[in-house]
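Which charged side chains pair up in this protein, and where do they sit?

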Amino acid sequence: KGIGNKLMDFTETMAEKENYISIRLDTFSQNKSNNTFYESRGYKKLGDVFFRKQSEFPFHCYEKILY
């Protein structure tokens, strides 16, 4: 349906209008579709963060430079 792309388009457009330099986000490492989605939109993986009480698996941290 393209809802995810529409939401990200809106978010990125608003961030650019507000002169943000980048957008950062994280997603669960085991959520392959989210990781693929963010990478396909130009987000680069910066590293991982662990929430030991939440999962034995990390969350991947991503960033997209807007300018």
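A salt bridge here is a side-chain nitrogen of Lys or Arg within 4 Å of a carboxyl oxygen of Asp or Glu. The model is predicted: local features need pLDDT of at least 70, side-chain atom pairs count only at pLDDT 80 or more, and totals for chains, interfaces and linings use all residues. Residues are numbered from 1 along each chain as its sequence is written, and side-chain values use heavy atoms, with hydrogens and water left out.

## Salt bridges

Side chains of opposite charge can pair when their charged atoms come close. The whole structure holds five salt bridges.

| Pair | Closest N and O atoms |
|---|---|
| Asp9 and Arg41 | 2.7 Å |
| Arg41 and Glu12 | 3.0 Å |
| Asp48 and Lys45 | 3.6 Å |

Take the pair of Asp9 and Arg41, a salt bridge with its closest N and O atoms 2.7 Å apart. Asp9 lies in helix 1 (residues 3-17) and Arg41 in the loop between helix 2 (32-40) and strand 2 (44-49), so this pair ties together parts that are 32 residues apart in sequence. Helices (H or I, at least four residues) and strands (E, at least two) are DSSP runs, numbered from the N terminus.

How exposed are the partners? Buried means under 20% relative accessible area, exposed over 50%, and partly exposed in between (1.4 Å probe, protein chains only). Asp9 is partly exposed, at 40% relative accessibility. Arg41 is buried, at 13%.

Arg41 also forms a salt bridge with Glu12, at 3.0 Å between the closest N and O atoms. Glu12 is in helix 1, so this second pair ties together parts that are 29 residues apart in sequence. Glu12 is buried, at 8% relative accessibility.

Asp48 pairs with Lys45. Asp48 is partly exposed, with a relative accessible area of 40%. Lys45 is partly exposed too, at 43%. Elsewhere, salt bridges that share partners join Asp9, Glu12, Arg41 and Lys64 into one network.

## Nonpolar core

In soluble globular proteins, nonpolar side chains tend to be buried together. A nonpolar core is a set of buried Ala, Val, Leu, Ile, Met, Phe, Trp, Tyr and Cys residues joined through side-chain atoms within 4.5 Å. Which residues make up the largest one? It has eight: Met8, Ala15, Ile23, Leu25, Tyr38, Tyr43, Tyr62 and Leu66. Helix 1 and strand 1 (22-28) each supply at least two residues of this core.

Contact means heavy atoms within 4.5 Å. Leaving aside neighbours within four places in sequence, Tyr38 is in contact with Met8, Leu25, Thr27 and Tyr43.

## Individual positions

Ser29 sits in the loop between strand 1 and helix 2. Ser29 is buried, at 4% relative accessibility. Not counting residues up to four places away in sequence, Ser29 touches Asn35, Phe57, Pro58, Phe59 and His60.

Asn19 is in the loop between helix 1 and strand 1. Asn19 is exposed, at 59% relative accessibility. Its phi is positive, about 65°, although Asn19 is not a glycine.

Ile65 belongs to strand 3 (residues 59-65). Ile65 touches Ile21 and Ser22, not counting residues up to four places away in sequence. Ile65 and Lys6 are 59 residues apart in sequence and 19 Å apart in space, C-alpha to C-alpha.

## Overall fold

The protein has two helices and three strands. Along the sequence they follow the pattern α-β-α-β-β. The C-alpha trace spans about 40 × 30 × 20 Å along its principal axes.

Of the 67 residues, 30% are buried. Among contacts between residues at least 6 apart in sequence, 55% join residues at least 24 apart.

The accessible surface comes to about 5000 Å², and 54% of that belongs to carbon and sulfur atoms. Accessible areas come from the Shrake-Rupley method with a 1.4 Å probe; for residues, only the protein chains shown count as cover.

The mean positions of the 11 positive and 9 negative charges are 4 Å apart. Lys and Arg count as positive and Asp and Glu as negative; His and the chain ends are not counted. The place of a charge is taken as NZ of Lys, CZ of Arg, CG of Asp or CD of Glu.
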